[in-house]
Amino acid sequence: MKVVKFGGSSLADGAQFEKVIGIMTADPQRQVMITSAPGKRHDGDIKVTDLLIKYAELTIKHADTGEIFDQIFARYQAIGDYFNLGEDALAPIWMALSQLPTTTYPDDEYLMAAFKAHGERLNARLMATVMTHLGIKARFVDPSEAGIVVSDDPNNATVLPETYDRLAQLQYTDELLVFPGFFGFTETGQIATFSRGGSDITGAIVARGLNADLYENFTDVDAIYAANPKIVDQPMAIERMTYREMRELSYAGFSVFHDEAIIPAIQGQIPINVKNTNRPELPGTLIVPETNFRPAQTITGVASSNRFAALYIHRYLLNKEVGFTLKLLQVFKKYNVSYEHMPSGIDDLTVIFDKTQFDDETVHAMCHDVQEALHPDTIEWIDDYAIIMVVGEGMRNKIGVIEHIVEPLVAHDIGVHMINQGASRISIMLGTRRADADEAVKSIYDAFF
């Protein structure tokens, strides 16, 4: 059995619905579908999720919601009209949308979560209705029926373990099951959403819970590539890669998957196939467990991200002071920030952060407190920082990989601020100036591919 997830661009309008239905019915093993909310139909269009956020904001302000309501419903109605659905078939969607502002919520955060979740919820309901109208046996499965239980965090929920036991008990026959992505229910019965892009998470959860043979994730790209096509012209498509290669590359900017999306599939050891809705005949990229994996080349991919900043600290005999790092971490805790990496030497330490955690005021105050707590000889906040991630299972037993990576950077006069090899030996991380990141990716890619 295959669990199949479709992204927002794959479900943006009636023509895309028709493609998706064709994909589902082309393979009898495709028994379960996960839907996203309707995405953009063209440049300049607005995703339904963004419209629902606006709907929620107007509701919170007690402002008029008539125009935004009509705009949202029109998206679903247009899909219904494409398949000649009658007014009665669309009435449940109209009713569910109209009842959102009058429902009671614990607070505005839960209100926002419920509004956002209905992009997927209504699209799944509509998909099941369209399929039934076309004579295909299909059933809408709400997360409440399926038993998808999540933490009490309305807009950043995590799945609870009991979900998998409940999914395993789900009863179905030869009908096609249509699940909405992106949300579950708390133990008190409130809707809570995963972080943005969370339909990928739902797909992985359902694949694990139903013990699928394969989790197919349909997007708008032919495959996952060895480098960003916006940086490298026509990069090589990756045919097979491991879970941990995908995780490492996602961390550094590969955007096919939500960063945490495949964790449930990894836990269930479910292979994942990334494919293109518009070219379903292509093989896509298969993501598999590490066991018995044989890499085809030294590195699988190279990625970069500019979302980082660094704090550099220098003090003589830093390595001799007991509790130095503890004092530093206590300052970070005070400002509720986490760090990504902390490479160090005998007199130096660099802490790398995801800079989205900071504003200028927080940076200034935190650096002041570090100065007061540690009295470094030098302290510097480096905002101009990028990380390059070179990843490949083939690096594990290969001698001279670091030299092969650094040589093209030297040839292109690109300075390296930091080198860190992970304990798994399948990834090497480089720190560079932000302006050098794209050129670094190109030069490394050319050296290996």
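**Figure 1. Surroundings of Phe179.** Contacts of Phe179 (contact means heavy atoms within 4.5 Å) beyond its neighbours within four places in sequence are made with Val32, Met33, Ile34, Thr35, Ala124, Val141, Ala146, Leu167, Leu170 and Val206. The model is predicted, so local features need pLDDT of at least 70 and side-chain atom pairs count only at pLDDT 80 or more, while totals for chains, interfaces and linings use all residues. Residues are numbered from 1 along each chain as its sequence is written, and side-chain values use heavy atoms, with hydrogens and water left out. Phe179 lies in strand E4 (residues 176-180); helices (H or I, at least four residues) and strands (E, at least two) are DSSP runs, numbered from the N terminus. With a relative accessible area of 0%, Phe179 is buried. Buried means under 20% relative accessible area, exposed over 50%, and partly exposed in between (1.4 Å probe, protein chains only). The C-alpha atoms of Phe179 and Thr202 are 8.7 Å apart in space, and the two residues are 23 apart in sequence.

**Figure 2. Strand E7 and its partners.** All six of the six residues of strand E7 (residues 214-219) are buried, so the strand is largely enclosed by the rest of the structure. Leu214, Glu216 and Phe218 are buried on one side of E7, and Tyr215, Asn217 and Thr219 are buried on the other. Strands E1 (residues 2-6) and E7 run parallel and are joined by five bridges; two strands pair if DSSP finds at least two bridges between them. Lys2 stands opposite Leu214 of E7, and Phe6 stands opposite Phe218 of E7. E7 also pairs with strand E9 (residues 272-276), in the parallel sense and over five bridges. Asn217 has Val274 as its bridge partner in E9.

**Figure 3. Strand E1 and its pairing with E2.** Five of the five residues of E1 are buried, and the strand is mostly covered. One side of E1 carries Lys2, Val4 and Phe6 and the other carries Val3 and Lys5, and all of these are buried. E1 and strand E2 (residues 30-35) run parallel, joined by five bridges. The bridge partner of Lys5 in E2 is Ile34.

**Figure 4. Two loop residues with positive phi.** Most residues other than glycine have a negative phi. Gln234 is not a glycine, yet has a positive phi of about 50°. Gln234 sits in the loop between E7 and strand E8 (240-242) and is exposed, with a relative accessible area of 70%. Asn336, also a residue other than glycine, has a positive phi near 55°. The loop that holds Asn336 runs between helix H11 (324-334) and strand E12 (348-354). Asn336 counts as exposed at 70% relative accessibility.

**Figure 5. The protein around these views.** The protein has 14 helices and 15 strands. Its radius of gyration is 24 Å, close to the 22 Å that the globule rule gives for 449 residues, so the protein is as compact as a globular protein of that length. The radius is taken over C-alpha atoms, and the rule is 2.2 Å times the number of residues to the power 0.38. The C-alpha trace spans about 75 × 50 × 45 Å along its principal axes. Of the 449 residues, 53% count as buried. Among contacts between residues at least 6 apart in sequence, 74% join residues at least 24 apart.
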